[in-house]
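Here is a short report on a two-chain model. Please read it alongside the sequence and the coordinates.

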There are 2 protein chains.
Amino acid sequence: MRIYSFADIEGMEKRFRANFINSISGFKSANLIGTVDENGRTNLAVFSSVVHIGANPPLIGFIMRPISVQRHTYENILSKKFYTINALPIAMKRDGHKSSAKFSAEESEFDKTAFSAELNDFGVPSVVESPISLTCRLRSDQLLEVNQTRLIIGEVKEVKLNEAFLQKDGFYDLTEAGVAVISGMDSYHAAEDGTRFSYARPDREINEISE
Amino acid sequence: MRIYSFADIEGMEKRFRANFINSISGFKSANLIGTVDENGRTNLAVFSSVVHIGANPPLIGFIMRPISVQRHTYENILSKKFYTINALPIAMKRDGHKSSAKFSAEESEFDKTAFSAELNDFGVPSVVESPISLTCRLRSDQLLEVNQTRLIIGEVKEVKLNEAFLQKDGFYDLTEAGVAVISGMDSYHAAEDGTRFSYARPDREINEISE
């Protein structure tokens, strides 16, 4: 085992440090956030920071990088209030990564990648190829003073999903649905079949849950 | 594809909704947070909400559920200011899940599971069996008013890792290191080997990065 001090981390070359710090917090979700601007131009961007905030009410957050440059996703969410969060299929990992390129506001990632937009009842584009599409309404936009990033929280207003992978108790099988996992800044993985365990109690054995 | 409205979600049975909403935001990181109380009693708990906040300075966050009941991890972080974030090895998934049981303050998860504690220079326990252990110093503790959860952000003060899985450009191979992925509330997965892609630019082809 090797130990890196804070000074070691500070001394790392910038790109090395970005890869390093982005890797060591563990695997990450892989989602495409779909938005539309005031002129009806659609936008799609991959995010690896989507995080569960709560189930009741259903709240999902993600981290937005500092608004020091143009951020189409952020501007569109502020103006429209609604946006979609779409699971990235591992089979389309290259297109998912492509959506992170800095296209101009006139170009839609839906035209530059293989993803197809479907405008839903809330007026925002969901990704036809995704096995799960959530429509969220902006509930909170909080500046994180530590580094000027923002925590964006939305309430889930609609869920569209391929029911084939939904189990009886509400668990959705992301492996079978072919949803991607991200690590670091640029690595896309499939997940192997999972093992589910029963609710943990101090004085009881943990059992595996089978479907 | 099936559509669930907000009313459908509200009408779900509580446990079904918890499984459902916890699943649909995608795969999650699997980390054990190690702390110690003022009497020197260690604590360990699995978290699936650890999220990258920034690389420079190195900042990592996680979501803490509402402090309506005793939360040893939270109390210990507030009093000590330091804590560890340790990658959960997939080979120890059952022990990881076991750490989520509500043990009393007198019982340490390090005694109730197969994980071994090593008190580091910051006075907090890291997990000997983890391929990555981060020591964080509390930087920010923010209430999320939408549902009374908290976003806890720490600055990474030290990284201890098995160097065998660190690549030349700072990328850490979590698959080779055997780090777990979580889905839903209780499902533990291994990840398959990943594909890394070059930095995406609008006018260029994306290439695969090989080690």
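The model is a predicted one.

The contact draws 91 residues from chain A and 91 residues from chain B. On the side of chain A that touches chain B, helix α2 (residues 14-24) of chain A gives the most, with ten residues. That side of chain A holds 47 nonpolar, 26 polar and 18 charged residues.

## Strands across and within chains

Which strands make up the open sheet, and in what order? There are five, arranged β15(A)-β14(A)-β13(B)-β12(B)-β2(B), with antiparallel pairing. At the edges stand β15 (208-209) of chain A and β2 (28-29) of chain B. Each has a single partner strand, so one side of each lacks a neighbour in the sheet.

| Strand | Partner strand | Bridges |
|---|---|---|
| β12 of chain B (residues 181-183) | β13 of chain B (residues 187-189) | three |
| β1 of chain A (residues 2-5) | β11 of chain B (residues 149-161) | four |
| β5(B) | β6 of chain B (residues 58-64) | four |

S183(B) has S187(B) in β13(B) as its bridge partner. Between the chains, Y4(A) has V159(B) in β11(B) as its bridge partner. G54(B) stands opposite L59(B) in β6(B).

β5(B) and β6(B) form a hairpin, with two residues between them. Strand β5 (residues 51-55) of chain B is mostly covered; five of its five residues are buried.

## The nonpolar core

The largest nonpolar core has 114 residues. Which of them touch the most other members? They are V179(A), V181(A), V179(B) and V181(B).

In soluble globular proteins, nonpolar side chains tend to be buried together.

Helix α3 (residues 72-80) of chain A has three named buried residues: H72(A), N76(A) and I77(A). Viewed down the axis of α3(A), they fall within an arc of 125°, so they line one face of the helix. An α-helix has 3.6 residues a turn, so residues three or four places apart point the same way.

What covers the buried residues of α3(A)? The cover includes β3 (31-36), β4 (42-47), β7 (82-87), β10 (132-144) and β11 (149-161) of chain A. K81(A) follows α3(A) and has a positive phi, near 75°.

## A loop residue

A91(B) sits in the loop between β7 (82-87) and α4 (93-98) of chain B. Is A91(B) buried or partly exposed? A91(B) counts as partly exposed, because it has 13 C-beta neighbours inside 10 Å. Along the chain, A91(B) and E106(B) are 15 residues apart, and their C-alpha atoms are separated by 27 Å.

Definitions and conventions: Residues numbered from 1 in each chain as written. Chains lettered and ligands numbered in written order. Predicted model: local features only at pLDDT ≥ 70, side-chain atom pairs only at ≥ 80, totals over all residues. Pairing = 2+ DSSP bridges. Core = buried A, V, L, I, M, F, W, Y, C linked by C-beta atoms within 7 Å. Buried ≥ 20, exposed ≤ 12 C-beta atoms within 10 Å, placed from the backbone. Contact = placed C-beta atoms within 7 Å. Nonpolar A, V, L, I, M, F, W, Y, C, P; charged D, E, K, R; others polar. Arc of directions from axis to C-beta.
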